[in-house]
Amino acid sequence: MTKQRNAELGNFLRSRRARMDPSQAGLEASGHRRVPGLRREELARLAGVSPDYYARLEQGRQSTASIAVLDSIAGALRLTPDERSHVYTLARVKVPEAVEKETSANGVDTRIRRVLDRLGDTPAIVYGLYVDVIFANAAACFVFTDFNAMPADERNAVTWMLLSPRARELYGESWEEAAGDMVGLLRMDAGRRPDAPRLQRIVGDLTRRSPLFRQLWDTYQVSTWEREKKTLHHESGELEFHSEFIRMESAPGQVLCVMIPSQQEEFEARFRQRDGGTPQGTGGTHGGRGRRLPPA
């Protein structure tokens, strides 16, 4: 049997070793270096692994490694949390819960927040892994619910869609179809990290509490939410949006969903009248003064 290779893991480790200046690792750059960065044997020594073992990883001859070894190498390479998470993915190992929380629920990247600020009164939600809601601007909270006020462990869009009476009211006859799309998004993420503790908690909770989820999950439906237009039966009147999902290169694992109202001026007027006509910004949950919707 041919031994499994992992060229992608090797290529990534090699690229990160090449970018390190020896002085960053407390080494003297003595002698001529044919290529930039640390030598393999230097990195292996810093990580506490044998040079031969590390060479096999970089050459793709060693398809994976233990979490302890990967952590040692990541520390020696001074990887960012996102880079460390990527190493786990490439090595096909179970992602430790602490790393998962750090990379998927650590708040909104500053560059995404700048985009949110520019969107003004256009509803926008930042999603992380497993369709967790990382942040919803004031307009999105007005349309759906105050996600930002929920405990972090409960702030999941699939759970809200399936269990909240408000979701059923908003989506009306299209609720089951929309719920299927949301479960399909969760299934897509599950394919990347099926053993992640966060995923198991979400699936376990919904399996116990939602017959529709059990039915949808068993069909292995996947979705990228291709449906562009949605109509919601809001208490302020019917609202129609065109949705766009944007994957932000500056924040791997986070997706920005922008909902563009078909009637922008009409939506803005309703949004600003929710508390007597005072415009609100995108910070906080409702800018500090908006009417809070009933809890899901």
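Is Tyr127 buried or exposed? At 12% relative accessibility, Tyr127 counts as buried, where buried means under 20% relative accessible area, exposed over 50%, and partly exposed in between (1.4 Å probe, protein chains only). The model described here is predicted, so local features need pLDDT of at least 70 and side-chain atom pairs count only at pLDDT 80 or more, while totals for chains, interfaces and linings use all residues. Residues are numbered from 1 along each chain as its sequence is written, and side-chain values use heavy atoms, with hydrogens and water left out.

**The sheet and its helices**

- Five strands form an open sheet in the order S2-S1-S5-S4-S3, with antiparallel pairing; two strands pair if DSSP finds at least two bridges between them.
- Helices (H or I, at least four residues) and strands (E, at least two) are DSSP runs, numbered from the N terminus.
- Strand S2 (133-136) and strand S3 (229-234) stand at the edges with a single partner strand each, so one side of each has no neighbour in the sheet.
- On average, neighbouring strands of this sheet are turned by 30° against each other, direction ignored.
- Three bridges join S1 and S2 in the antiparallel sense, and Val126 has Phe135 in S2 as its bridge partner.
- Helix H7 (residues 110-119) packs on the sheet and touches S1, S2 and strand S5 (255-261), its direction making about 165° with that of S1.
- Helix H14 (residues 264-272) lies across S4 and S5 and runs at about 105° to S4.
- For these angles, axes are lines fitted to C-alpha atoms, for helices over the stretch in contact, and angles run from 0 to 180 degrees between N-to-C directions.

**Nonpolar cores**

- A nonpolar core is a set of buried Ala, Val, Leu, Ile, Met, Phe, Trp, Tyr and Cys residues joined through side-chain atoms within 4.5 Å.
- The largest nonpolar core has 48 residues, and those with the most contacts inside it are Val143, Phe144, Leu162 and Leu186.
- Helix H11 (residues 175-192) gives the most to this core, contributing eight residues.
- Another core lies apart from it and has 25 residues, including Ala65, Leu79, Tyr88 and Val93.
- Beyond its neighbours within four places in sequence, Val143 has contacts (heavy atoms within 4.5 Å) with residues including Pro123, Leu170, Leu232 and Phe267.

**Aromatic rings and charges**

- The whole structure holds eight aromatic pairs; rings of Phe, Tyr and Trp (its six-membered ring) pair if their centres lie within 6.5 Å, and planes under 30 degrees apart count as stacked, over 60 as edge-to-face and the rest as tilted.
- Tyr127 and Phe245 form a stacked pair, 6.4 Å centre to centre with 20° between the planes.
- This pair links distant parts of the chain, with Tyr127 in strand S1 (residues 124-127) and Phe245 in strand S4 (residues 237-247), 118 residues apart.
- Phe245 counts as partly exposed, at 28% relative accessibility.
- Phe142, Phe241, Phe267 and Phe271 are linked into a cluster by ring pairs.
- The charged end of Arg168 sits over the ring of Trp175, 4.0 Å from its centre; such a charge is NZ of Lys or CZ of Arg within 6 Å of the ring centre and within 35 degrees of the ring normal.
- Arg187 lies over the face of Trp217, 3.7 Å from the ring centre.

**Positive phi values**

- Most residues other than glycine have a negative phi.
- Arg92 is not a glycine, yet has a positive phi of about 60°; Arg92 is placed in the loop between helix H5 (81-91) and helix H6 (97-104) and is exposed, with a relative accessible area of 54%.
- Tyr130 also has a positive phi, near 65°; Tyr130 lies in the loop between S1 and S2 and counts as buried, at 0% relative accessibility.
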